Amino acid sequence: MQTRVVAVDETSTEAINEAARLIRSGQLVAFPTETVYGLGANALDSAAANRIFEAKGRPANDPLIVHISSPDCLVEVATDIPESAHKLIAAFWPGPLTLVLKRQEQIASVVSAGLPTVAVRMPAHPIALALLKAANVPIAAPSANLFAHTSPTTAAHVLSDLDGKIPLILDAGPTQVGLESTIVDLTGDHPRLLRPGGVNRDALARLLPDLEVVTRYVLPEENAVEAPGMLLKHYSPRAELHLLDGTDAKVRLALAKSAAELMAQGKHVGLLIAEEDRTAIAHLAVPIVVLGSLNNLQQIAQGLYGGLRALDDTGVDIILARDYPADGLGLAIRDRLIRAAHGHIQLVD
Ligand code: TXA
Ligand code: MG
């Protein structure tokens, strides 16, 4: 199959209509959202949804997120919608917040990996909204990357993972948030934050005082050896990622020292750092990606996945990355880095 990449903006009615026709006929289309690029299929069509799992190499037990063009469409996707959902929708939709609710029967069960629940969000990107309106069906879409790889924030990232596997990629330039949506499960006795993302935990907790934050992995200090299964590999570059966690000064020393040691062992090392770290490692002749200033976590988030891919493209064996403070958007950045590090977390305090 030939994969076409078509540049679009809000005036590209023809390309958006073509994408909508493909979706309605059961095909896959990659499209931009404000978080990352999604790989879309008609959520009412099991065969179409199955194609997503096939194209990504994604296991069938990992459910997809359903996208809708307006809060009014929620009743087509979910039932028994609690009051808390309406509060969150009023505050955060359209935007990077996904709600887990009871699934409507008409949503293909493969979309939810057979679960009685469904994850749903209304994206804020104008192209995503235009496509949803033109297709006039809810669109199931995970991130448009190969399974367990870093999510795509540009059409080029999508192409590099899915070339030849899908007919069309709508290209609207780099995505704005850069990390996936926040996921909140509203189907239990109290709301649970399943994945930190574009919407802040603190902003959610103001509306949901009993919000529980679910830990998705075990840190070394929490005895990872006894729960190795918790350190799920996800969002990973090809190179091994080592995450350095500690105060800024110690992290900088450790970046320089670890890089030198690994180079002495003949390893090809790359660094994923913040602007403020630059002088501490300036003497090292290695590929470096500077994500932005520690004072601007939005910029760090935006560049994170692209930075990992850029370092992979240089052919490094090991990427050394600094950690970020675990509040605000930093919580989501840290979450993705911990997952990408797959247990290689070095505490340097
Ligand atoms: O920002 C985003 O959320 C992007 C864009 C494309 O919207 N999508 C995305 O999808 O990140 P994906 O497939 O990479 O992540 C979907 C995750 C699943 O891995 C699972 O953790 C969670 O959403 N999920 C989906 N349905 C669920 C359900 N019924 N119950 C619990 N978790 C669910
Ligand atoms: Mg994904």
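A polar side-chain atom of Ser181 lies 2.5 Å from an oxygen atom of ligand 1, a polar contact in the sense of a pair of N or O atoms within 3.5 Å. Taken alone, ligand 1 exposes 670 Å², and the protein buries 89% of that; such accessible areas come from the Shrake-Rupley method with a 1.4 Å probe. Please keep in mind that this is a predicted model, where local features need pLDDT of at least 70 and side-chain atom pairs count only at pLDDT 80 or more, while totals for chains, interfaces and linings use all residues. Residues are numbered from 1 along each chain as its sequence is written, chains are lettered from A and ligands numbered from 1 in the order in which they are written, and side-chain values use heavy atoms, with hydrogens and water left out.

**Contacts of ligand 1**

- Thr35 places a polar side-chain atom 2.7 Å from an oxygen atom of ligand 1.

- Ligand 1 sits in the largest pocket.
- A pocket is an open set of points on a 1 Å grid over the protein atoms alone, where a 1.4 Å probe fits, with protein on both sides within 12 Å along at least five of seven lines.
- A molecule sits in a pocket if more than half of its atoms lie within 2 Å of its grid points.

**The fold as a whole**

- The chain has 10 helices and 17 strands, taken as DSSP runs (helices H or I, at least four residues; strands E, at least two).
- The radius of gyration is 20 Å, close to the 20 Å that the globule rule gives for 349 residues, so the chain is as compact as a globular protein of that length.
- That radius is taken over C-alpha atoms, and the rule is 2.2 Å times the number of residues to the power 0.38.

**Backbone points to check**

- The peptide bond from Trp93 to Pro94 is cis, with omega near -10°, and Pro94 is found in the loop between helix H4 (83-92) and strand S6 (97-103).
- Asp80, in the loop between strand S5 (78-79) and H4, has a positive phi near 50°.

Note on methods. A polar contact is a pair of N or O atoms within 3.5 Å; within protein, one must be able to donate a hydrogen and the other to accept it, and residues adjacent in sequence count only if both atoms are side-chain atoms. On a 1 Å grid over the protein atoms alone, a cavity is a set of points where a 1.4 Å probe fits but cannot get out, and a pocket is an open set with protein on both sides within 12 Å along at least five of seven lines; lining residues have an atom within 4 Å of a point.
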